[in-house]
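Me: I'd like to learn how to read a structure like this one. Could you walk me through it, feature by feature?

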2 protein chains.
Amino acid sequence: MKRVEFFYDLSSPYSYLGATQINALAERCGAEAVWKPFVLGAVFKATGNVAPATVAAKALGMYKDLTRWAQHYGVPFQMSSRFPVNAMKAMRLCVAAERDGKGKEMGRACFDALWVKDLDITDDGVLKEICTKVGVDPEKSVAACEDPAIKLKLREYTEDAVKRGAYGAPTFFVGSELFWGNDRLHFVEAELRK
Amino acid sequence: MKRVEFFYDLSSPYSYLGATQINALAERCGAEAVWKPFVLGAVFKATGNVAPATVAAKALGMYKDLTRWAQHYGVPFQMSSRFPVNAMKAMRLCVAAERDGKGKEMGRACFDALWVKDLDITDDGVLKEICTKVGVDPEKSVAACEDPAIKLKLREYTEDAVKRGAYGAPTFFVGSELFWGNDRLHFVEAELRK
């Protein structure tokens, strides 16, 4: 079965847009979507890239552009009132949820909390509510975010993506073929159909 | 008649990709495409943005991505062997050609010289050959590149784009709506059809 790896940072609104599309895309190509959280800040540091919103004019263009994409996809979106958000703990929660076979579900639920409901995903109470919704143990899962093995796994995903050429988020891989941005999903789909 | 303004820098390969699409797009929307050269380096300086190729990993991704787009559009493309290219004089030639009602044709011919034929568009001989092909006087046109009024017009296009929010190339405007990148042409088209 073909696979598309979806490297996402929860704090990246373009990753959210990708998250709303990738499962259906994979399904219609008869492929599997493999969700992998990675730390965009570390990717930027490793590659010398910078966040788009650090340029004021680009940030303005980005807010408009995000709204256009959400309308285009027919998905809800609101800019986080806390942007830029530290999503480190929530991403560890996504890694921890893999142990329960709920990595994707946790990723999607965290994205919705941040980019649809404008919730504070740095807050343990919010994270525990998300856990309940996803169907994993809230106390155990939030505690697992401090587990060195979970922290290491997130670092490994990040280093793997950088080693394979990633410089932004979301990044998709089909084998060794890299695709950057939700705006390249048509190329991802073409690659899966080859 | 609706208008779409196409701000391009000849040295930008994504602008070349936009140039291969914008006229047909405008035509099928019953709109006019207005081509305006602008100086991307000055836009970067004014906004604090940087060229994508300054990040090594991004440059690698970009070369691959450009080839994908060219295949997607069914247009020829080869990376310039002189990249990054100083296209200042060639862009003045595009402004000068407006006097002969050949601004678009000159823009398209310069793009093809640079991104299809891999010619040296800093060379006067190459520029004169382009003029002949476009149907404007080669000697007069290349001499016009030193005309202060031509230099000023190029600066004015650049400043106008920055003032209206541009931070990269190509930039498209439909009225005050800004669209950045050939990868947003579907949004440009939707805006023209409103």
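Predicted model: local features only at pLDDT ≥ 70, side-chain atom pairs only at ≥ 80, totals over all residues.

Me: Now the sheets. What order do the strands of chain A take?

Reply: The general idea is that strands of a sheet pair through backbone hydrogen bonds, either parallel or antiparallel. In chain A, four strands make an open sheet with the order S2-S1-S3-S4, and the pairing is mixed. At the edges sit S2 (32-37) and S4 (177-180) of chain A, each pairing on one side only. From one strand to the next, the twist averages 20°.

Me: In which sense do S1 and S2 of chain A pair?

Reply: Parallel: S1 (residues 3-8) of chain A and S2(A) pair over six bridges. Then look for helix H6 (residues 103-115) of chain A, which lies across S1 and S2 of chain A and runs at about 60° to S2(A).

Me: And what does the sheet of chain B look like?

Reply: There, too, you'll find an open sheet of four strands, ordered S2-S1-S3-S4 in chain B with mixed pairing. Its edge strands are S2 (32-37) and S4 (177-180) of chain B. Six bridges join S1 (residues 3-8) of chain B to S2(B) in parallel, and Glu5(B) has Val34(B) as its bridge partner in S2(B). Helix H4 (residues 88-98) of chain B packs on this sheet, touching S1 and S2 of chain B, and its direction makes about 135° with that of S2(B).

Me: Last one: which residues lie nearest the centre of the second largest pocket?

Reply: Those are Trp69(A), His72(A), Asp183(A), His186(A) and His186(B), out of 23 lining residues. The pocket holds about 390 Å³ of space. Helices of both chains contribute at least two lining residues each, among them helix H10 (185-192) of chain A and helix H9 (185-192) of chain B. By residue type, the lining divides into eight nonpolar, eight polar and seven charged.

Note on methods: Residues numbered from 1 in each chain as written. Chains lettered and ligands numbered in written order. Heavy atoms only, no water. 1 Å grid on protein atoms, 1.4 Å probe; cavity = no way out; pocket = protein on both sides within 12 Å on 5 of 7 lines; lining within 4 Å. Points joined across faces, edges and corners; volume = space filled by probe spheres on them. Nonpolar A, V, L, I, M, F, W, Y, C, P; charged D, E, K, R; others polar. Pairing = 2+ DSSP bridges. Axes fitted to C-alpha atoms, helices over the stretch in contact; angles between N-to-C directions. Contact = heavy atoms within 4.5 Å.
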